[in-house]
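Here's a quick tour of the salt bridges and the ligand site in this one. Have a look at the model, then read on.

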Amino acid sequence: MNYHVLTLFPDMIRQACETSILGRAVKNGTIAVETVNIRDFSANKHNRVDDYPYGGGAGMVMEAEPVYRAVSSVSEKLEKKPRVIYLTPQGRVLNQTMVEEFALEDELVLLCGHYEGIDERVLEEVVTDYVSIGDYVLTGGELGAMVLIDSISRFVPGVLSNEESSQFESLQDNLLEYPHYTRPEIWRDRQVPEVLLSGDHKKIEAWRKEQSILRTKERRPDLLEKSVRVRSLFYGTDLSASLAADLTEALSRYGEVMDFNRKKLRKTRWSFERRELLLFVLDTLDEDFFNVSMKGHQTPVFLITGEGVDPADAERFKEQLTSRRFRMLDTFPMEVLQDKEALKRTAIEMRKQL
Ligand code: ADE
């Protein structure tokens, strides 16, 4: 990943990228952070980059031309038009899905404003994404740019070592992490929860999930409201089975995969909740499957169909789902999910649509 940070204070960015995990990533070349000093593109002999606001009022406004030239100096070097992210409290508030989506880019331009802001006309011309790091006002965009660089880099392959990276991110499920403990077993009369010493991995996993949910309920009920239980249902060949497994894993730490080739599952009467997310991964769609009894409660659904599914049958199935009170979100053809990257993009797209 190559970051290009346009700023009036390049030292702030450089220093922050020298230390710890980011410093190591820069050293070993998995990320590169280029700083571009907007002042170097001043159109004025005194190197001024700001001016008084039209219409009056307090504060200064960054001029359009130096910002435009600074962005052009970067984008002219690149093959493809990069995403240009302007850090501003007026942007979309950053979350983990946005972070993961940005991490799929090869180049990112981060534009940091100062003073009262930047002339609106250049923003309209160059900015692709407006991002805020929270509902408070900073003195400039640099800390926001650092937050982006730090959070995005965690998803760049090679930045985190095996120990540092958790394969699953609890936040991708809109849940907070469970509590962690290390030695000693008793610290100032406080005992490590017994279950963690049991060696029973199934039990430990169940306890951690419960703690995650409890914690989110207590500390971030707003997040819990957004969290869904992912259930993938596949019917057909091994391809549908493996795609269902991969997609589920990309979407959730706690997802469940169900094999509807099994008669027993097809004969069950299913009822799904509002806070469940259903993925139908089908490369066969026959009467046996149409006849499965299923009812939703505004349950969101994605449909993934293989070449073996007649488009007319897929349409009929979608109508059936809608009439049974499911909420059809989108359909994806299996062919587009063949490599890891496409699968990841699709999982992110799904999370955005939820
Ligand atoms: N610049 C000033 N305040 C900001 C914020 N909250 N997020 C991103 N950039 C900013």
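## Salt bridges and a ligand shell

Arg 345 is partly exposed, with 40% relative accessible area (buried is under 20%, exposed over 50%, partly exposed in between, using a 1.4 Å probe and protein chains only). This is a predicted model, where local features need pLDDT of at least 70, side-chain atom pairs count only at pLDDT 80 or more, and totals for chains, interfaces and linings use all residues. Residues are numbered from 1 along each chain as its sequence is written, and side-chain values use heavy atoms, with hydrogens and water left out.

So what does Arg 345 pair with in a salt bridge? Its partner is Glu 341, which is partly exposed at 41%. A salt bridge here is a side-chain nitrogen of Lys or Arg within 4 Å of a carboxyl oxygen of Asp or Glu. (Helices, H or I with at least four residues, and strands, E with at least two, are DSSP runs numbered from the N terminus.) Elsewhere, salt bridges with shared partners link Arg 83, Glu 101, Glu 105, Asp 129 and Lys 352 into one network.

The whole structure has 24 salt bridges. Here are three of them:

| Pair | Closest N to O |
|---|---|
| Lys 318 and Glu 315 | 3.1 Å |
| Arg 345 and Glu 341 | 3.1 Å |

Arg 24 is in helix H2 (residues 20–27) and Glu 164 in the loop between helix H6 (142–153) and strand E8 (186–187), so this pair ties together parts 140 residues apart in sequence. Arg 24 is partly exposed at 35%, and Glu 164 is too, at 33%. Lys 318 and Glu 315, by contrast, both lie in helix H12 (residues 311–323), three residues apart.

Now the ligand. Residues around it (a heavy atom within 4 Å) include Leu 87, Val 131 and Gly 140. Ligand nitrogen atoms make polar contacts (N or O pairs within 3.5 Å) with the backbone of Ile 133 at 2.9 Å, Tyr 136 at 2.8 Å and Leu 138 at 3.0 Å. The protein covers 96% of the 260 Å² of accessible area that the ligand has on its own (Shrake-Rupley method, 1.4 Å probe). Strand E5 (83–93) and strand E7 (129–132) each give two or more residues to the shell, with E5 giving the most, three. By type, the shell has seven nonpolar, four polar and no charged residues.

Definitions and conventions:
Polar contact = N/O pair within 3.5 Å; in protein donor to acceptor, adjacent residues only side chain to side chain. Nonpolar A, V, L, I, M, F, W, Y, C, P; charged D, E, K, R; others polar.
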